[in-house]
Amino acid sequence: MTTIQEHCCGADLFFNKKTAAKEYRKYLKKGPVKATAKIIQQLAAQNVTGKSLVDIGGGIGALQWWFLQQGGGQTTDIDASSGYLKKAETHAHDNGWQDKTSFLMGDCTDLYQNVEDPHIITMDKVVCCYPNFKEILSATCEKSKEIVSLSYPMDGIISQALRKIGDLYFMIKKNPYRPYVHSVKEIREIFASKGYQRVAHDLSFPWHVETYARN
Ligand SMILES: C[S@@+](CC[C@H](N)C(=O)[O-])C[C@H]1O[C@@H](n2cnc3c(N)ncnc32)[C@H](O)[C@@H]1O
């Protein structure tokens, strides 16, 4: 298993400036991708006005921009990718959101201690980047004051096959980053054990999209 430091370096290489620019152009043209749009739909059922959001692995920031447009309060983006962070920070600046946004580079389990506990934490397509899902999910459940919304891969044979192709790709590229398909059952058990109940569930192949609220 790769260490978190190797993993973050690999994520920074893979989710680079070029990928960020491509995704940002796509976002401007078509809006959030399907799984992200479903997280937005689920969060729209909650009251986000004046609330705070920590978006883990926020990418180009689609969730944060929606949140701020809805009257959300402060947002913090913690990402292992300098390319994504730069793109998101530029977008925030261009929209006059400098005072409402923060951008931190690194591993979220390291950086949580530097951030005030938010009302909401989002992790859109991030758990599949992370080797130790129990650690990241437990820390996230403890950190959030109210809501955790996330998308993560289904754990059937198609996802496992895609993961193996991903492994091969990153091995050939000599990149320590690896994709992961974690047990759906175990992911849900972590939320239950931390005192959360699922309040929304959607599928957007190959992703489960779920929102959990503290009991
Ligand atoms: C597949 S991308 C998803 C980006 C965005 N959430 C979206 O759905 O478009 C995964 C993101 O998670 C970030 N990431 C991976 N491991 C991370 C970690 N340990 N801490 C913070 N961010 C991480 C990557 O840098 C990348 O931005």
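This report walks through the sheet, a pair of packed helices and the ligand surroundings of a predicted model.

## Ground rules

Residues are numbered from 1 along each chain as its sequence is written. As the model is predicted, local features need pLDDT of at least 70 and side-chain atom pairs count only at pLDDT 80 or more, while totals for chains, interfaces and linings use all residues.

## The sheet

Let's start with the strands (DSSP runs of E, at least two residues, numbered from the N terminus, as are helices, which are H or I runs of at least four). An open sheet of 7 strands runs in the order S3-S2-S1-S4-S5-S7-S6, with mixed pairing; strands pair if DSSP finds at least two bridges between them. Its edges are S3 (101-105) and S6 (196-204), each pairing on one side only.

Within this sheet, S5 (residues 147-153) and S7 (residues 207-214) are antiparallel partners over 7 bridges. Here isoleucine 147 stands opposite alanine 213 in S7.

## Two packed helices

H3 (residues 34-44) packs against H4 (residues 62-69) at about 30°, with axes 10 Å apart; axes are lines fitted to C-alpha atoms over the stretch in contact, and angles run from 0 to 180 degrees between N-to-C directions. H3 is therefore roughly parallel to H4, a label for angles under 35 degrees.

## Around the ligand

The ligand is surrounded by 20 residues, and the closest are Gly57, Gly59, Ser81, Asp124 and Cys129; a residue is near if its C-beta atom, placed from the backbone, lies within 6 Å. Helix H1 (4-14) and strand S2 (75-79) each contribute at least two residues to this shell.

Methods:
Angles under 35 degrees count as roughly parallel, over 145 as roughly antiparallel, 65 to 115 as roughly perpendicular and the rest as oblique.
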